[in-house]
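Please read them alongside the coordinates.

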Amino acid sequence: MNAYLHALPALLGRGLLATVTISVASMLIALVGGFGIGLLRALRNPLVDAAAIAYVEILRGIPLLVLMFFVCFGLPQLGIGIDAAPAAIVALGLWGAANGAEIVRGALVSIPRGQSEAGVALGLGRIAVLRSIVLPQALRRTVAPFMSLFTAIVESSSLAALIGVKEILETVRVDIENDATLWTPLLLTALALYFAINFPVSLASQRLERKLG
Amino acid sequence: MTAEPRSAMVSLDGVRKSFGSHEVLKDINLSVAPGEVCCIIGPSGSGKSTILRCINRLVRIDGGEVTVDGLRVTDPTVKDVDLRRRVGMVFQQFNLFPHMSALRNVTLAPRKVLGLSAAEAEARALSLLGKVGLAEKAGSYPAQLSGGQQQRVAIARALALEPKVMLFDEATSALDPEITGEVLAVMRELAAEHTTMICVTHEMGFAREVGTHVVFMDGGSIVEEGPPRSVFENPQAERTKAFLSKVL
């Protein structure tokens with residue numbers, strides 16, 4: 001019990017903070033990047049499309065852990081020095097942006113074609129059709145999948161333990177190596193922490209969905 | 001400057017269109033004078049809707065020429081917006097914007113395309129909604145309106161740019177038979193005001209009574225055309241006779 005209480009401050013302090021920081025930063029990259037790439041694809045420029053498709057397919061086709069290793073250990077060898085925590089954010093963010101782009105693209109194409117056609121027939125330009133007609137309707141359909149992506153990002157942030165970031169899992173691991181009796185209490189605590197981060201994300205998403213509906 | 005030999009509001013000359021290897025329009029020639037109500041009838045897949053879509057460039061033609069109020073659709077210097085503000089279009093599925101009230105559906109184009117102020121656009125929209133009998137529904141969203149009401153809002157929306165010609169693409173086909181009447185009544189009223197209209201329709205009664213010109217299409221070609229009386233009562237082509245015997 002004593003050892004558990006002794007281990008808690010680091011877990012609830014630095015560990016939790018690192019997990020939240022990595023997660024939130026990666027979510028922002030995923031959100032901005034996802035909308036950026038998804039909207040660019042709506043312009044249907046063949047060159048932009050090809051670049052976006054290549055990005056999305058490559059990023060979604062490789063294991064996140066391998067990508068994280070590459071950013072953390074590969075890039076420095078190519079002369080791009082990066083610390084472990086930023087490397088985790090870059091990897092998670094790039095991966096999230098690829099998945100976010102597919103969410104946005106999927107939401108945009110799910111709006112019936114008659115909607116944009118009606119806008120075009122009214123003399124609106126492509127951008128105006130996107131901004132006034134398609135995007136407002138598509139926005140609501142991105143909320144639930146982005147929520148799933150965000151919780152996946154929080155969960156995947158634990159991979160950063162493997163490149164040495166002292167986030168929740170890595171903090172727990174170090175303590176457990178010192179005292180094996182801490183396995184159960186610390187891992188349960190870690191699970192509770194991940195849940196405590198993800199649950200508000202889920203609640204916020206439901207509220208946002210209602211508001212946009 | 002426009003040396004149009006005929007005073008056509010809309011004319012199609014030798015229009016051809018294919019989707020892939022499927023030739024949807026084969027050498028279509030059609031002329032619609034100002035104030036005329038041209039009704040296009042014919043079996044499904046005969047190219048009726050494609051004709052409408054060629055007129056406002058929703059579909060690009062492969063050959064021939066379409067002229068709208070003196071503007072040639074194949075002329076690259078003619079801007080989409082200049083063409084489309086002259087052409088109002090009403091769709092089978094209404095295609096109202098579900099996230100906007102009836103009023104905003106109607107004010108959108110005047111504001112974005114004509115640059116009217118919010119007040120000007122609203123005044124125009126309210127007057128148009130009144131015209132289609134829905135002034136009191138201005139604040140309602142499409143989901144709160146019946147199909148007939150939605151289509152009347154869509155007509156008001158299409159009229160909001162004060163177009164020179166109105167296109168109706170099977171405007172009543174998605175409606176229950178008992179409520180097609182309210183939409184047809186609005187269309188009759190427009191016709192009575194000498195609005196130039198091109199209506200793709202399965203409403204033979206409407207075509208016969210309101211149409212000034214009836215076109216029967218089949219297989220991407222105009223088989224027969226003329227005043228409603230001659231097409232309906234004295235069809236010449238066998239295909240027209242066969243079609244009419246089935247639908248009348």
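1. Strand E9 and strand E10 of chain B form a hairpin with two residues between them. Gly219(B), in the turn, has a positive phi of about 60°. E9(B) covers residues 213-218 and E10(B) residues 221-226, and the two pair in the antiparallel sense over five bridges. Within that pairing, Val214(B) has Gly226(B) in E10(B) as its bridge partner. Strands (E, at least two residues) and helices (H or I, at least four) are DSSP runs numbered from the N terminus, and two strands pair if DSSP finds at least two bridges between them.

2. A word on conventions: this is a predicted model, in which local features need pLDDT of at least 70 and side-chain atom pairs count only at pLDDT 80 or more, while totals for chains, interfaces and linings use all residues. Residues are numbered from 1 along each chain as its sequence is written, chains are lettered from A and ligands numbered from 1 in the order in which they are written, and side-chain values use heavy atoms, with hydrogens and water left out.

3. Chain B also has an open sheet of four strands, in the order E2-E1-E4-E5 with antiparallel pairing. Its edge strands are E2(B) (22-32) and E5(B) (71-72), each of which pairs on one side only. Strand E1(B), residues 10-19, is joined to E2(B) by seven bridges, and the two run antiparallel. Val15(B) has Ile28(B) as its bridge partner in E2(B). As a general point, side chains in a regular strand alternate between the two faces of the sheet.

4. Chain A is built otherwise: it has eight helices and zero strands. Its C-alpha atoms fill a box of roughly 70 × 45 × 20 Å, taken along the principal axes.

5. How many residues does each chain give to the contact between B and A? Chain B gives 21 residues and chain A gives 15, where contact means heavy atoms within 4.5 Å. The two chains bury about 1500 Å² between them, 66% of it on carbon and sulfur atoms; buried area is the accessible area (1.4 Å probe) that two parts lose on being put together, summed over both.

6. The count of salt bridges between chain B and chain A is one. Glu117(A) forms a salt bridge with Arg53(B), with the closest N and O atoms 2.4 Å apart; the rule asks for a side-chain nitrogen of Lys or Arg within 4 Å of a carboxyl oxygen of Asp or Glu. Across the interface there are also five residue pairs in polar contact, both residues at pLDDT 80 or more. A polar contact is a pair of N or O atoms within 3.5 Å; within protein, one must be able to donate a hydrogen and the other to accept it, and residues adjacent in sequence count only if both atoms are side-chain atoms.

7. On the side of chain B that touches chain A, the elements giving two or more residues are H2(B) (80-84), E6(B) (87-90), H3(B) (102-112) and H5(B) (147-159). H3(B) gives the most, with three residues.

8. Arg124(B) lies in helix H4(B), residues 118-131. Not counting residues up to four places away in sequence, Arg124(B) touches Leu114(B), Leu116(B), Ala160(B), Leu161(B) and Glu162(B). A polar atom of the Arg124(B) side chain lies 2.7 Å from the backbone oxygen of Ala160(B).
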